[in-house]
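Please look over the sequence and the model shown here. A short report follows.

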Amino acid sequence: MKILLGIIHILVCVALVAVVMMQHRKSGGFTGAFGGGGTQADMGGTWQRMSGLTKVTAILIAAFMVISILQVIVR
């Protein structure tokens, strides 16, 4: 189980680096990356307005965190 989690973790890490490197640079810095600068009423459709690479990045980050926690629990 430890080896399988380790292999999956490495694959997710490599995929995350690749997806981040493929994205275009945003001028807004962190506020632009997380949808900052908008009003509260404006935040309802944030997921729909994200590009495909941004959605993949969010999913890979979530997978990275879950796998990291699972590795700590399994050890």
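## Confidence

The protein chain has an average pLDDT of 81, and 73% of its residues score at least 70; pLDDT is the predictor's confidence in each residue, on a scale from 0 to 100. This is a predicted model, in which local features need pLDDT of at least 70, side-chain atom pairs count only at pLDDT 80 or more, and totals for chains, interfaces and linings use all residues. Residues are numbered from 1 along each chain as its sequence is written, and side-chain values use heavy atoms, with hydrogens and water left out.

Where pLDDT is low, the predicted coordinates should not be read in detail.

## Overall fold

The protein chain has four helices and zero strands, giving the pattern α-α-α-α along the sequence. Helices (H or I, at least four residues) and strands (E, at least two) are DSSP runs, numbered from the N terminus.

Of the contacts (heavy atoms within 4.5 Å) with a separation of 6 or more, 82% join residues 24 or more positions apart.

## Burial and surface

Of the 75 residues in the protein chain, 13% are buried, that is, under 20% relative accessible area (1.4 Å probe, protein chains only). The chain exposes about 5,900 Å², with 73% supplied by carbon and sulfur atoms; the areas come from the Shrake-Rupley method.

## Valine 12

Valine 12 lies in helix 1. Valine 12 counts as buried because its relative accessibility is 11%.

Not counting residues up to four places away in sequence, valine 12 touches Leu60, Ala63, Phe64 and Ile67. Leucine 60 is 48 residues from valine 12 in sequence, yet their C-alpha atoms are 6.5 Å apart in space.

Definitions and conventions
Buried means under 20% relative accessible area, exposed over 50%, partly exposed in between (1.4 Å probe, protein chains only). Accessible areas come from the Shrake-Rupley method with a 1.4 Å probe; for residues, only the protein chains shown count as cover.
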